[in-house]
Amino acid sequence: MKKQYNGTWESLNSHEVPAWYHDCKFGIFIHWGLYSVPAYAPITWQLGEVPIDENWYANNPYAEWYFNSVNVGRGPTYEHHIKTYGIDFKYEDFVSMWKVDNYKPDKWAELFRKAGAAYVVMVTKHHDGFCLFPSKYTDYNAMKKGPKRDLVGDLTNAVRAQGMKMGLYYSGILDWRFAHDPIIEQNDNFNKACPTYEYADYAYNQSCELIDNYKPSVFWNDIGWPKQGEQNLPYLLSHYYNNVEEGVVNDRFNGLYHDFRTMEYKYGESNRMEKWEMNRGMGLSFGYNAIEEDDKIMSVEDTISLLVSTVSNNGNLLLNIGPKADGTIPKEQEKRLLSIGQWLAVNGEAIYGTRCSKRESAIDESGVQIHYTKKKKDLYVMLDKVPQGAFEVVIPDLSGEIRALDDKIFYDFEAFGTGVKIKIHSHQTSIGSIAFKVPGGE
Ligand SMILES: C[C@@H]1N[C@H](CNC(=O)c2cc3ccccc3o2)[C@@H](O)[C@H](O)[C@@H]1O
């Protein structure tokens, strides 16, 4: 019997995170929109690592913040805009320039599947207010203007045809079509958001459009929810769960409710006792940034390290790609996705469908990082940040057989005190973390 939610916080608080969201571990985030046309941001800092005397908003590395970065009237993006487009060029003028001739949703979905992703989260409306889906509530949308396509519907169908879950991102509290004062400090995200019931109803109604028309497996709201709409949230979330039984939501509803917590780059906290999700771009931006080239984005090894450390601590990794305006996925991003997929094809058994082991991640005296996952009674051990060439590592409080998932790893193991010493002779031909299975080891 399907559980019904009745529009109260009490009924919502009985909602449990469905198994699929615990099992899937790796998702692809997609930031694609009007901001992909100028595709510019300065390459500055990761969120959570901004130097104390610097201003994030006047030097925003998020290319999807282009409108605000120009609107603040100073800084690299403002200068770039004046130089490239001129002082009279308005952000809305990018609409007619946004042609999606290379948008091939089936190819995108195939790439995400090859990357080993189990879910996708696509931006439907970012803070700039331009909707990538047909909406009854605004003509500022991709079906009516610019691309003249239901960009969200096309990808939703393609992703589901590949057997992946489709999630949708919505910018709940920020919409610069309704409130366009420059945001120059963190609190402005809330204090300068549109304070009208009209906008709160707009966000509620568009969210219902997304739920009713696409039934997203993840409803990924960003930054916060309109204050004037907080009393309607229990109805919206009940409507969501009553229509999308497997649905999950994140923790960006003004702290009122969540299925899973989030971190973004280095910002936020994670607690392995609770399901959470790490989201970040491959570089410092979510939207495509044309000056962020191959040498400025994460290596495959570092991305696999992030996946392994996130998953072993009860998280999912939602890794962003920023397509070019025309729908091309940048080569440097595609290359990394395919390499991650190759690693997961060999080592995915230690990732997919696992749960947090009671054993916590550790760093041994040689600096090798040891991460654990479990699946029923079996234990998986993943060695990360390992040195080039041969090395040894002792896994404490372990006994019995230990088997590398990658047959290109040459190793021996022996009992060592109360643990097992693994002697790696050669691992050059493999990329990223080295995973072992310990049958019955949990
Ligand atoms: C996925 C990215 N989200 C950015 C906004 N981030 C947040 O509001 C935020 C980040 C964050 C980290 C931990 C807990 C809550 C949090 O909220 C948003 O401004 C970026 O453009 C991009 O869409």
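Student: What stands opposite cysteine 356 in β11?
Tutor: Threonine 373 does. Keep in mind that this is a predicted model. Cysteine 356 and threonine 373 belong to a pairing in which strand β9 (residues 355-356) is joined to strand β11 (residues 369-375) by two bridges, and the strands run antiparallel.

Student: Ok, and how does strand β10 pair with β11?
Tutor: In the antiparallel sense, over two bridges, with β10 covering residues 362-363. Isoleucine 363 has glutamine 369 as its bridge partner in β11.

Student: Which residue takes a positive phi in the hairpin of β10 and β11?
Tutor: That's glycine 367, with phi near 95°. The hairpin has five residues between its strands.

Student: And the hairpin of β11 and β12, how many residues are between the strands there?
Tutor: Two, and lysine 376 takes a positive phi near 55° in that hairpin. β11 and β12 run antiparallel and are joined by seven bridges. If you want a pair to click on, isoleucine 370 stands opposite leucine 383 in β12.

Student: How many bridges join β13 to β16?
Tutor: Five, with β16 spanning residues 419-426 and the two strands running antiparallel. Valine 393 stands opposite isoleucine 422 in β16.

Student: Where do aspartate 302 and lysine 385 lie?
Tutor: Aspartate 302 is in helix α10 (residues 300-311), while lysine 385 is in the loop between β12 (378-384) and β13, so the pair ties together parts 83 residues apart in sequence.

Student: Now the open sheet of eight strands. What order does it have?
Tutor: The order is β5-β4-β3-β2-β1-β8-β7-β6, and the pairing is parallel. Its edge strands are β5 (248-249) and β6 (261-264), each pairing on one side only.

Student: What joins β7 to β8?
Tutor: Six bridges, between β7 at residues 276-281 and β8 at residues 315-321, running parallel. Asparagine 320 in β8 is the bridge partner of glycine 281.

Student: Which strands does helix α11 touch?
Tutor: β1 (26-30) and β8. Helix α11 (residues 331-347) packs on the sheet, and its direction makes about 150° with that of β8.

Student: What about helix α8 and helix α9, at what angle do they pack?
Tutor: About 5°, and their axes are 10 Å apart. Helix α8 is residues 197-214 and helix α9 is residues 233-243. With that angle, α8 is roughly parallel to α9.

Student: Which residues of α8 meet α9?
Tutor: Tyr204, Ser207, Cys208, Ile211 and Asp212, and they meet Tyr235, Leu236, His239, Tyr240 and Asn243 in α9. By class, the contact has six nonpolar, three polar and one charged residues.

Student: Last one: what does UniProt place at residues 2-349?
Tutor: The unreviewed UniProt entry lists the feature "domain: Glycoside hydrolase family 29 N-terminal" there. Over residues 2-349 the chain is 31% helix and 12% strand, with the end C-alpha atoms 31 Å apart.

Key: Residues numbered from 1 in each chain as written. Predicted model: local features only at pLDDT ≥ 70, side-chain atom pairs only at ≥ 80, totals over all residues. Heavy atoms only, no water. Axes fitted to C-alpha atoms, helices over the stretch in contact; angles between N-to-C directions. Helix = DSSP H or I, 4+ residues; strand = E, 2+ residues; numbered from the N terminus. Parallel < 35°, antiparallel > 145°, perpendicular 65-115°, else oblique. Contact = heavy atoms within 4.5 Å. Nonpolar A, V, L, I, M, F, W, Y, C, P; charged D, E, K, R; others polar. UniProt positions renumbered as here; feature names shortened; annotations may be inferred. Pairing = 2+ DSSP bridges.
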